[in-house]
Amino acid sequence: SLLVPGAGEYYSERYVKSGIFFALEVAAVTTALVYNSKGNKKTDEFQNYADQHWSAVDYAQWINKNWANYKTSETPAPSIDIDRVKRNDFSQINTWEAAPHSIGFSHQLPPYGDQQYYELIGKYSQFKYGWDTYVGKDGTRYGDDGYDVNYIPQQVKDYAANRGKANDYYYMVEIATALIVANHVLSALDGVWSTANYNKEITSEMGLRL
């Protein structure tokens with residue numbers, strides 16, 4: 001039963017319980033596989049969308065132009081080499097992000113392709129400047145919004161919603177996996193109990209025959 005839920009119950013001739021445990025196993029495994037596939041598909045979808053519509057180059061150019069609005073006396077002026085950014089070298093961006101700021105910029109852009117890369121660009125306001133629909137309040141592509149956390153392009157909200165759906169699918173996988181483990185353990189424990197009762201019945205039948 002620990003390996004195949006319901007097997008111990010079947011062996012001890014508890015066929016109904018055997019069928020229930022086995023059916024739960026099939027249902028939980030099927031659910032885990034289906035939702036894992038959905039999660040992978042949705043993940044590919046929002047990552048491909050980000051690759052098409054979010055640009056570290058735009059983010060870096062925005063920093064180069066507007067950094068002075070967020071500096072403190074200790075913040076060095078950024079000199080982000082755009083060619084390096086195009087090669088996915090974010091070290092200069094990260095150096096500026098790690099410097100003191102008067103407001104915002106609490107996170108550093110993760111390496112391209114990391115799970116955190118795709119999560120952060122749709123989660124924190126500082127990364128909205130890399131999305132292709134962002135414009136400042138003055139109407140220009142690299143205009144400044146004064147780091148207004150409520151000034152978020154709809155594109156970012158839609159992206160975050162799709163990423164959230166992928167997480168919901170994976171959460172269902174976690175639930176199904178927990179049910180699989182619980183089903184194995186409970187079936188094993190019930191298998192022991194069922195077998196003990198089965199042996200008692202056999203002993204009683206032998207006594208009656210004698």
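**Close-up 1. Buried residues of helix H3.** Ala 56, Val 57, Asp 58, Tyr 59, Ala 60, Trp 62, Ile 63 and Asn 66 are the buried residues of H3. The model shown here, and in every view below, is predicted. Eight of the eleven residues of H3 are buried, so this helix is largely enclosed by the rest of the structure. Its buried residues pack against helix H4 (82–86) and helix H5 (91–98). At the start of H3, a side-chain oxygen of Ser 55 comes to within 3.1 Å of the backbone nitrogen of Val 57.

**Close-up 2. The aromatic pair of Trp 54 and Tyr 117.** The structure contains 22 aromatic pairs. In the pair of Trp 54 and Tyr 117, the ring centres are 5.8 Å apart and the planes stand at 90°, so the geometry is edge-to-face. Trp 54 sits in the loop between helix H2 (15–53) and helix H3 (56–66), and Tyr 117 in helix H6 (residues 115–120). The pair therefore ties together parts that are 63 residues apart in sequence. Trp 54 is buried, at a relative accessible area of 4%. Tyr 117 is buried too, at 3%.

**Close-up 3. The aromatic pair of Trp 62 and Tyr 129.** Here the rings are stacked, with 3.6 Å from centre to centre and 10° between the planes. Trp 62 belongs to helix H3, while Tyr 129 is in the loop between H6 and helix H7 (154–209). The pair thus ties together parts that are 67 residues apart in sequence. Trp 62 counts as buried, with 0% relative accessibility. Tyr 129 is likewise buried, with a relative accessible area of 0%.

**Close-up 4. An aromatic cluster that includes Trp 62 and Tyr 129.** One cluster is formed by Trp 62, Tyr 70, Trp 96, Phe 105, Tyr 129, Tyr 134, Tyr 147 and Tyr 151. A charged residue also meets one of these rings: Lys 137 lies over the face of Tyr 151, at 5.5 Å from the ring centre.

**Close-up 5. Lys 38 over the ring of Tyr 35.** The charged end of Lys 38 sits over the Tyr 35 ring. Its distance from the ring centre is 4.9 Å.

**Close-up 6. Trp 67 and its contacts.** Trp 67 is placed in the loop between H3 and H4. The residue is buried, with a relative accessible area of 17%, because buried means under 20%. Leaving aside residues up to four places away in sequence, Trp 67 touches Trp 62, Thr 75, Pro 76, Ala 77, Pro 78 and Trp 96. Trp 67 and Trp 96 are 29 residues apart in sequence. In space, the two are 9.1 Å apart, C-alpha to C-alpha.

**Close-up 7. The largest pocket.** This pocket holds about 150 Å³ of space. Its lining consists of Phe 21, Leu 24, Ala 27, Ala 28, Thr 31, Met 172, Ile 175, Ala 176, Leu 179, Asn 183 and Leu 186. H2 and H7 are the elements that give two or more residues to this lining. H7 supplies the largest share, six residues.

Technical notes: Residues numbered from 1 in each chain as written. Predicted model: local features only at pLDDT ≥ 70, side-chain atom pairs only at ≥ 80, totals over all residues. Heavy atoms only, no water. Phe/Tyr/Trp six-rings, centres within 6.5 Å; stacked < 30°, edge-to-face > 60°. Helix = DSSP H or I, 4+ residues; strand = E, 2+ residues; numbered from the N terminus. Buried < 20%, exposed > 50% of the residue type's maximum accessible area, 1.4 Å probe, protein only. Lys NZ or Arg CZ within 6 Å of the ring centre and 35° of its normal. Contact = heavy atoms within 4.5 Å. Polar contact = N/O pair within 3.5 Å; in protein donor to acceptor, adjacent residues only side chain to side chain. 1 Å grid on protein atoms, 1.4 Å probe; cavity = no way out; pocket = protein on both sides within 12 Å on 5 of 7 lines; lining within 4 Å. Points joined across faces, edges and corners; volume = space filled by probe spheres on them.
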